[in-house]
Amino acid sequence: MKLSEVKSALKQLKTIAFQLPNGELVPNHFHVTEVGKISKNFIDCGGTLRNEEVINFQLWNANDYDHRLHPEKLIDIIELSEKTLGLGDSEIEVEYQGNTIEKYALDFDGTNFLLVSKQTDCLAPDKCGVPVQKPKIKLSELNKANSCAPGSGCC
């Protein structure tokens, strides 16, 4: 989800809710403690130089039950960050405290912002020798119309 999409969604909402991948909601007394721009320059395992940039939101579950973050306040924080940090319309990455600092992609279902699990991946499988996985097929699921039955004369 890009920053412009987050701002657009916030304008439709009266309250903000973030939903974890397991379906639980982040407690509604959370704070957005950081909005930042993260640049990552790296070389993948195939030797290709890469540059990624994301906008980072850090959610913090505070024990402050009296100050809840409202959509218009988060829009103000985002707009100040855009102006001060020169943010573009990049993808959002959300940090949230689980067993460690967990990083999520972001989506929106019309009501809640969804924290979407991210996975590592090889960016250069063709250059570093990672074998392509063949699809696993259960023999019981093969189309019997395309197979030879005993005594049918097709074999």
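Guide: Buried means under 20% relative accessible area, exposed means over 50%, and partly exposed is in between. Keep in mind that this is a predicted model.

Visitor: Switching to helices. Which residues of helix 2 are buried?
Guide: Pro 71, Leu 74, Ile 75, Ile 78 and Ser 81. They cover an arc of only 125° around the axis, so they sit on the same side of helix 2.

Visitor: Why would residues spaced like that point the same way?
Guide: An α-helix has 3.6 residues a turn, so residues three or four places apart point the same way.

Visitor: What's on the other side of helix 2?
Guide: Leu 80, Lys 83 and Thr 84 are there, and they are exposed.

Visitor: What span should helix 2 have?
Guide: Helix 2 covers residues 71–85, which is 15 residues. At 1.5 Å a residue, it should span 21 Å. Its end C-alpha atoms are 21 Å apart, so the two agree.

Visitor: Now helix 1. Which residues are buried there?
Guide: Helix 1 takes in residues 3–12, and Leu 3, Val 6, Lys 7, Ala 9 and Leu 10 are buried. Those buried residues fall within an arc of 165° seen down the axis, so they line one face of helix 1. On the other side, Lys 11 and Gln 12 are exposed.

Visitor: What about pockets? What volume does the largest one have?
Guide: About 600 Å³. The largest pocket is lined by 17 residues, and the closest to its centre are Lys 40, Glu 52, Val 54, Glu 93 and Lys 118.

Visitor: What classes make up that lining?
Guide: Seven nonpolar, two polar and eight charged residues.

Visitor: Which strands supply it?
Guide: Strand 2 (30–43), strand 3 (49–61), strand 4 (92–97) and strand 5 (101–108) each supply at least two residues of the lining.

Visitor: One last spot. Where does Phe 57 lie?
Guide: In strand 3. Phe 57 is buried, with a relative accessible area of 1%.

Visitor: How far is Phe 57 from Lys 37?
Guide: Their C-alpha atoms are separated by 9.1 Å, and the two are 20 residues apart along the chain.

Technical notes: Residues numbered from 1 in each chain as written. Predicted model: local features only at pLDDT ≥ 70, side-chain atom pairs only at ≥ 80, totals over all residues. Heavy atoms only, no water. 1 Å grid on protein atoms, 1.4 Å probe; cavity = no way out; pocket = protein on both sides within 12 Å on 5 of 7 lines; lining within 4 Å. Points joined across faces, edges and corners; volume = space filled by probe spheres on them. Helix = DSSP H or I, 4+ residues; strand = E, 2+ residues; numbered from the N terminus. Nonpolar A, V, L, I, M, F, W, Y, C, P; charged D, E, K, R; others polar. Expected span 1.5 Å × (residues − 1). Buried < 20%, exposed > 50% of the residue type's maximum accessible area, 1.4 Å probe, protein only. Arc of directions from axis to C-beta.
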